[in-house]
Amino acid sequence: MRCIILFLVGFFSLPCFAALSHISKSELELMYSLYQAQDRDISKKELKSRLLENQFLISQAQTRSLPLLNRHSNVGFSNEFHVRRYLLAMLKHKLPTLGKLPIKNVTLEWNSKKLSSMLGPYPDSGKYSDEQMQRWSQVELVKSPKLTLSDVINDQSMQGRFALHNGDTKQLQLAIDEFVRFHAITQHANKALSKSKLSLKRLKLLALGELLRPPMQAYLGIKDELHGERSDYVEAIKDTLSSKEITQFYSMNKKDFKYLDSLLAAALTFTEQQQAQDIFAKAKQTSITSTMEKSGLYNQFSGPNKVQKMVRITRQHRQNWLAQFAFSNQIGHISRPIRMPNGQWALVYTEMPTFKFHPLNSETVRYRASLSLTRKKATSAYERLFADWQKTHGINL
């Protein structure tokens, strides 16, 4: 069966491996030791459960043929690149002497012109055609372990690919050195790993599981996506929500939809900071109304009426900046003077708040209800999938 990664790096192609269905004692000991070295507070039992859950997430990504098996985002490095780095951290933790292993570097005698000519201009879309990748796969950079130009391009982040197209031979040499060093270290570590009943193949899957955990949990809807985005899987769950479910959620959580609607408020503005501070001190000793009357000041919320008393306002008051200041102020307390965008100084006082509830048909209710209900349904689906996976593999956590 054709592997879903088009461009392989060396001997390891992530999605072509089946997820693990058990964690050996040696693997657990290694990962627990690594976690302790990173000051991560977790018991061995919790860690074993986490590692198996990671493998469940790999299997879900494989079953759904998700692009994030290859990379988390179009602008980042490939997962193979990240797995190599994670695996090196694991190996150096297990076998510290590997960090001092002498590596014979492979120096590529390319100049900037040759590299940029070989790659051509960076595509506006940031994507490459199959024909380009096939052509670059014929350009061998390292004979053993085999590394081609397409391997390097596939591994790089968007920034790295852009640099290569601009003829950055240092970036290319860095990629070659990283690849060669990884293979030299893993080859050297094989015998020692075997003695400890460990294998590179399984360690790579443990590393991949750690890397895939956050994006896969976000994809399946039990964690938040970056920038509030939602996967097509989560959107499909959201689309199953009924009006009845929204109504029931609103009825059971109505108190959470209560909001501050209006305030009795006063706002005073000044051209000088010292004047504002003096009035603040007087108002603290007496009251805002008394201070307005004795100092000949008017409530800015009263507009052209120029009254010296409190005025009831909502967030939609035409003195928008002052209104937002009032609604953020602690009720029953006069604020300290703060500078306004126009350079003046302002202080506010608020009391006697009134509250309302967002109506059932409001966008606020629909949005909050859909978020909560979708997360609840996604969590239930996640738990069922994980339980079924455990049952299939005879796992009892």
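**Figure 1. Pairing of strands β3 and β4 in the predicted model.** Leu-264 has Arg-312 of β4 as its bridge partner, and Ser-262 is bridged to Thr-314 of β4. Strands β3 (residues 258-270) and β4 run antiparallel and are joined by four bridges. Helices (H or I, at least four residues) and strands (E, at least two) are DSSP runs, numbered from the N terminus. This is a predicted model, in which local features need pLDDT of at least 70 and side-chain atom pairs count only at pLDDT 80 or more, whereas totals for chains, interfaces and linings use all residues. Residues are numbered from 1 along each chain as its sequence is written, and side-chain values use heavy atoms, with hydrogens and water left out.

**Figure 2. The two faces of strand β4 and its place in the sheet.** Buried denotes under 20% relative accessible area, exposed over 50%, and partly exposed the range in between (1.4 Å probe, protein chains only). In a regular strand, side chains alternate between the two faces of the sheet. The open sheet has four strands in the order β4-β3-β6-β5, with antiparallel pairing. Its edge strands, β4 and β5 (338-339), each pair on one side only; two strands pair if DSSP finds at least two bridges between them.

Figure 3. Thr-350 is located in β6 and is buried, at 0% relative accessibility. Contact means heavy atoms within 4.5 Å.

**Figure 4. Helix α13 and Lys-294.** Helix α13 lies across β3 and β6 and runs at about 25° to β3. Axes are lines fitted to C-alpha atoms, for helices over the stretch in contact, and angles run from 0 to 180 degrees between N-to-C directions. Lys-294 is found in α13 (residues 288-295) and is exposed, with a relative accessible area of 70%. Its C-alpha atom is separated by 68 Å from that of Asp-124, 170 residues apart along the chain.

Figure 5. Ile-246, Phe-249 and Tyr-250 of α11 (residues 243-252) are buried. Seen down the axis of α11, these buried residues fall within an arc of 100° and so line one face of the helix; the arc is that of the directions from the helix axis to the C-beta atoms. On the other side of α11, Lys-244, Ser-251 and Met-252 are exposed. The buried residues of α11 pack against β6 (345-357) and α15 (363-392). Leu-373 lies in α15 and is buried, with a relative accessible area of 13%. Leaving aside neighbours within four places in sequence, Leu-373 is in contact with Leu-241, Glu-245, Ile-246 and Phe-249.

**Figure 6. The nonpolar cores.** A nonpolar core is a set of buried Ala, Val, Leu, Ile, Met, Phe, Trp, Tyr and Cys residues joined through side-chain atoms within 4.5 Å. The largest such core has 76 residues, of which Met-90, Leu-91, Leu-141, Leu-172, Leu-203 and Met-216 touch the most other members. Helix α9 (residues 200-219) gives the most to this core, with ten residues. A second, separate core of 16 residues includes Leu-268, Ala-276, Met-292 and Ile-334.
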